[in-house]
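Hi,

Here is the structure I promised to pass on. Have a look at it first, then read my notes below.

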Amino acid sequence: MLLCVSLVHGQVSYSIPEEMAKGSVVGNIARDLDVDLKRLKSGKARVYTGGGVEYIGLNKEKGVLLVQERIDREALCGEVTPCALHFQLILENPMELFRVTVEITDINDNTPIFTNSEKRFEISESAVIGSKFILEKAVDSDIGMNGLQQYSLTPIDHFVLKLENQADGSKKVDMVLQKPLDREKQETMSLLLTAIDGGEPQMSGTMQICVTVLDANDNAPIFTKSVYKTTITENSPRSTSVITVTASDRDGGSNAEITYAISNNKRGLSDLFQIDRKTGEVILTGDIDYEKTKVFQIDVEAIDNGGLSDSSTIVIDITDVNDNSPQLKILSKSENILEDSPENTVISMLSVNDPDSEQNGDVKCRIDDDIPFRIQNTMNGFYSLVTEVALDREVAPQYNITVTCSDEGVPSLSSSVTLTLQISDVNDNAPVFERSSYEAYIVENNTPGISIFTVKAKDADWNQNARVSYILEDSSVNGVPVSSYVSISADSGVIHAVRSFDYEQIKDFQFHVKAQDGGSPPLSCNVTVKIQIQDQNDNPPQVLYPVQTGGSVVAEMVPRSADVGYLVTKVVAVDVDSGQNAWLSYKLQKATDRALFEVGLQNGEIRTIRQVNDKDAVKQRLAVIVEDNGQPSRSATVIVNVVVADSFPEVMSEFTDLIHDKEYNDNLTFYLVLALAVVSFLFITCVVVIISVKIYRWRQSRVLYHSNLPVIPYYPPRYSDTLGTGTLQHVYNYEVCRTTDSRKSDCKFGRAGSQNVLIMDPSSTGTMQRIQSEKSILDEPDSPIEVRQYL
């Protein structure tokens, strides 16, 4: 189909669509050039393309141009517009030359495609609304309206698309968060990105987007610049560093680790440039030609471990250079050199030749300024590379010396060669420990020979000069050589325990370790090592109160009028271990009535948990277990006796009956034996003995009658428990009222510290032991006496 024909001074232009079938007519060249068909035949008319593919042919019989080969505009011109074929129509006899231009127009024969069929994102649920996520661009080889026109994203519950026009006419595609994410509600989601062109019929391509929602990364990386600009010359060697982009992330830890990537993927771009994922350095990986492409635009993104990202653009301008570069040849070179070599030591000889002439053949060579070498011209076309200052292998064990030779042409051409020089080591560095001092921990009761930890020293030298040996310096701990406590492996620096440690005997000690290299002469350094002994739960708790005695019964008195939460007593215990091994907890193991008492888990306080009533037994027996917090835990058990009574006489009646019964039975047995022993005595002797026994019993009952009160234990004032919960004051005030011919005495209590303690000794004769003497009471048994005593 003929779309456009123009004739201007021996030149004709046509416009045809791409992909026309072979044999299709392009145009009537004879008519358009006003050339007779006979002239075409006689002039041996032919098409001249200059050695390229002959897409267009000439039919001399009809005087028309025909399509000879399939024409693909994308393969022929790529993104260049307009796309045209230029050739000449040549006639002979006489010689005539006509220029013919055939413009190839685009048709919609390419579908938008994505390089990857799937894109995955890991996005933190803390990502703020408006966060952008860079999407891959689709590529459509068509141009104009047939090219890529729009994108769509479905579904749009959480994300929407944001398109930005760029300088090269393409669109930057961002996925923008419009609704907060909630990982607990939806951990993953799937979206579909569709790229649509504007041709007829309309074509589209899709890419699946998988989003994984992560937790707790709320700061996205930020590039230092929104646009980076740099320039690179054509024919630059591969692995040339083009530019380094930098992004920062205010998060910490792994969320601040940034990965760089090239986000756009135009055709052929990935073959030319790569970016270091860790450093952000863009490296040239292909050959660039100024005649093909004058500028590159690369979209890069910085992504942290939480999936948040930022984008930036790198604009790389290509500088044109001359076509003939100088030729470099290495005549000789040294592979290695000692680091203490003197200045001006020659390491390489080079010859340089440029096939160009005059100014373009004048060559000057140079090397990088930041390396300790210089290049000097020894004679015409010959250069030597020498050391400029003293070298240091520890600063740089090897150098990649790039020698660049440039001519004086405009533009100047250059060539380069890289020499690798190894620096040989000299023992000029002493070992250095990784820390200025070490502190290690070991649990007591360890197995002798167990490794505690490892000291590590590094030597900046190499090989034998860097071989480090570890030596334990002579010293003593508490007058004992340190070698009897620990030993060290000379090669690995592993410190072993020589003996088993006891935290209660020694809690820490320190010593010195020397690191010595294998150089000649050897160099060394020292470091201080401190060993901390950690406690192990190897001691059970010890109960301080109540004191458990083998022959007495300890009792705490609770009045029947006691309210809920009444403090009966407090169990006090300690543990000689430390830390959590000494954290004690108290539990009620057994009780006469579990529904009446409870024990404080942390403070050991025994309190009532309900109102005391008349049905409760007078005598209550509680078993309290004290456990520490070690693994495994250790424990101790204490028995607490509690009496429920409102006054001492009521208490005494319970305990006195027990004492009298036991005493009566014991005395009866004794006298039966005595009676059998004296049966052979005279009757009168028996009468006297019986009378004596009666008198003895009468006096004994009087003694018991006057001294049937319990013993009250004495506690020093401001007695403190070992757990630091306060003071446990055991101060008691009571009044004792006694009258003649009474079997019970009246006791009135005044509370102090809310504690009442009774001690009954069943093996005693029933006499109360007091701090103050009762001599005055026993001397006058028949007189009414009121005694008031304070403990």
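A quick definition to start: a residue is called buried under 20% relative accessible area, exposed over 50%, and partly exposed in between, using a 1.4 Å probe and protein chains only. By that rule, aspartate 34 is exposed, because its relative accessible area is 70%.

Some housekeeping. This is a predicted model, where local features need pLDDT of at least 70 and side-chain atom pairs count only at pLDDT 80 or more, while totals for chains, interfaces and linings use all residues. Residues are numbered from 1 along each chain as its sequence is written, and side-chain values use heavy atoms, with hydrogens and water left out.

How confident is the predictor? pLDDT is its confidence in each residue, from 0 to 100. The protein chain averages 79, and 81% of the residues score at least 70. Strands and helices here are DSSP runs numbered from the N terminus (helices are H or I, at least four residues; strands are E, at least two).

Now the backbone. Most residues other than glycine have a negative phi, and most peptide bonds are trans. Aspartate 34, in the loop between α1 (29-33) and α2 (37-42), has a positive phi of about 60°. Asparagine 93 also has a positive phi, near 55°; this residue sits in the loop between β7 and β8 and is exposed at 64% relative accessibility. A cis peptide bond, with omega about 0°, joins asparagine 93 to proline 94. Another cis bond runs from serine 520 to proline 521, with omega near -5°, and proline 521 lies in the loop between β42 (508-517) and β43 (524-534).

Last, which residues form a nonpolar patch on the surface? They are Leu331, Met379 and Phe382, with about 280 Å² of accessible area together. Areas come from the Shrake-Rupley method with a 1.4 Å probe, and for residues only the protein chains shown count as cover. Patch members have over 30% relative accessible area and no salt bridge; like charges are joined within 9 Å, and nonpolar side chains (Val, Leu, Ile, Met, Phe, Trp, Tyr) within 5 Å. A salt bridge is a side-chain nitrogen of Lys or Arg within 4 Å of a carboxyl oxygen of Asp or Glu. Met379 belongs to strand β29 (residues 373-379) and is exposed at 51%.

Cheers

Technical notes:
pLDDT is the predictor's confidence in each residue, from 0 to 100.
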